[in-house]
Amino acid sequence: MMALFAQCRGMCRGITLRGACGAREFVTIAPQLKNMPVIIPIGGGKGGVGKSFISANLGALMAKRGHRVILIDLDLGGSNLHTLLGIKSPPGGLDRFLDKTENRLEQVAVPTHISNLSFISSLHCSMEIANLYHAQKVKLIHAILRLPCDCILLDLGAGTHFNTLDFFLTSEAGVFVCTPEPTAIENAFRFIKAAYLRKLKQIISRNAFHKIVKDAVQDGGNQALRYTDLVDLVLKYDPGMEMFLRDSIRRLQFRFILNQFRKSTDSTLGEKIKTVCNRHFYSPFEFLGQIDFDERVTDSILSKNLFTLQYPESKTAIDFRAIVDQLAPKRVASHTMVQVR
Amino acid sequence: MKTFENQNYYEILKLPFDADAVAVQRAYREALEIYGENSLVTYELFSDEQRGDLLQAIDEAYHTLMDEDKRATYNQMLIHSGLADPSLFARKTEKPAAAPARPAPVKHRDLQAWVKQKSKEEPIKQLISETMGKDLVAGDDLKRLREALGIEISEIYEVTRISASTLRNIEANQVNNLPAEVFLKSFLKSLAQILQVDPQRTVDGYLKYIALARRPPRK
Ligand SMILES: Nc1ncnc2c1ncn2[C@@H]1O[C@H](COP(=O)(O)OP(=O)(O)O)[C@@H](O)[C@H]1O
Ligand SMILES: [Mg+2]
């Protein structure tokens, strides 16, 4: 049993590329190499909760601390990260990489008015995230992993499309954002469950599980298959793999931010959500903190300023810095700024 | 998704074993705030069925831990099943056992030999095959068998450490005061071993019987 276990773990490694495109195709990512950048996907299911606002401000604050940061707008079809960065009409970005005009992803990154902070736009992409081909997605993910910088923030779109989930799962500690409202929390839970299920499927499809379990995962048409069913299937047909499955899913961590916090909000909400999720999911959850709602945010965006730099003393900016303390890569880069075209 | 399935009542309410009534009340209120239908914390996290199960477990935990007698029985069960160390319960968990009917209860080995011997007697042999031949095994059947074999409840307690009140509840079909099913099964097995009857038949028959007894009476 131990031998089988070790063998399965070994099989998780390496890069798998599959030809066809479809929901059942997964992207395998090589284990993080020493000089690979830290990837922080920002997701969360619901639109308007502040994913882009948070990506932009986190990126700026990290760059200010000396990290070479690249922000990537992955909300294809809903791109607006440029607006939050005060860039009125960004030049081509992801589109130029995807249509092969440029070979290297770093060539489509543009500098921002903040040093150390570069940006890749998706404004000119003609497709929505759902229409991204599997091969394009794989190519993009591998290019992201090889970007020459310290930290990459991925601003994800709303929804739980499997392409969005795959970008979220490029990190084993993605961040999701929600606000203290029922609809935002509902969508956040849906997003977590979808990411969790996708990860479970990845683990099963890449390892030596029983054929019945594997077939259940391969069956892309079976939308009703939920993660509880998967665990049940493993228990029933593959009890020897149960511990392996649990150990693997435990390596996927979820971190979250509660945005647009108001005075009336229960100040213990974040900790409570964390505790409940840790109790009911096999994956660990971490609460990064809450960010105050500030009425001046809209004006700040209109005047093309980054809020946390314009109002560094505001509660909102203080909240942001506390989150950066936890998220920023531990080593500070001594190299020069990232090469842009 | 993990549920409360393998958690004991203390774990469900996140309480230490020696928590007092005030702490139990507080923990219950907090659990309802989190798992209640209108809670923002778990909004749409669970299906209706899952939430119903969680709330039911919380309720059972609360009612058991608030009731001195039920709690003592429950604690005894945790100790018996090896799920908790007796030293963790600062409170007294077991009321003094009823004075044994015989001054010196026979030891386990003696009991085993005794039952073996007794079972050879024709009327008892008949009673055993009659009881085990039935689809349903009621608490009364177990009691009748025990008495026919001449064994006291206190003797069973000596061997199994199943509290006397639990044993009495089992024999009296006290459906509302029975331990959780996992424990009940293990107790029934121990009991069957002492009575030297088929443990599986005993467990199945008894569970079937109480399932029927639990149904609301028909007119
Ligand atoms: N902490 C905040 N305080 C005030 N307004 C905020 C805050 N966070 C976000 N907003 C507002 O919410 C709007 C939507 O945020 P955005 O980042 O575009 O959401 P998402 O990317 O999740 O769809 C923004 O235009 C911004 O004005
Ligand atoms: Mg956005």
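Student: What makes up the accessible surface of chain A?
Tutor: The accessible surface of chain A comes to about 14,200 Å², and carbon and sulfur atoms hold 53% of that area. Such areas come from the Shrake-Rupley method with a 1.4 Å probe, and for residues only the protein chains shown count as cover. This is a predicted model: local features need pLDDT of at least 70, side-chain atom pairs count only at pLDDT 80 or more, and totals for chains, interfaces and linings use all residues. Residues are numbered from 1 along each chain as its sequence is written, chains are lettered from A and ligands numbered from 1 in the order in which they are written, and side-chain values use heavy atoms, leaving out hydrogens and water.

Student: Why are H6(B) and H7(B) called roughly antiparallel?
Tutor: Helix H6 (residues 122–133) of chain B and helix H7 (residues 139–149) of chain B pack at about 165 degrees. Angles over 145 degrees count as roughly antiparallel, and therefore H6(B) and H7(B) get that name.

Student: Which residues of H6(B) make the contact with H7(B)?
Tutor: On H6(B) they are Ile124(B), Leu127(B), Ile128(B) and Thr131(B), where contact means heavy atoms within 4.5 Å.

Student: What is the angle between H7(B) and H10(B)?
Tutor: H7(B) and helix H10 (residues 181–195) of chain B pack at about 35 degrees, with their axes 11 Å apart. Leu188(B), Leu191(B) and Leu195(B) are the H10(B) residues in that contact.

Terms used: Axes are lines fitted to C-alpha atoms, for helices over the stretch in contact, and angles run from 0 to 180 degrees between N-to-C directions. Helices (H or I, at least four residues) and strands (E, at least two) are DSSP runs, numbered from the N terminus. Angles under 35 degrees count as roughly parallel, over 145 as roughly antiparallel, 65 to 115 as roughly perpendicular and the rest as oblique.
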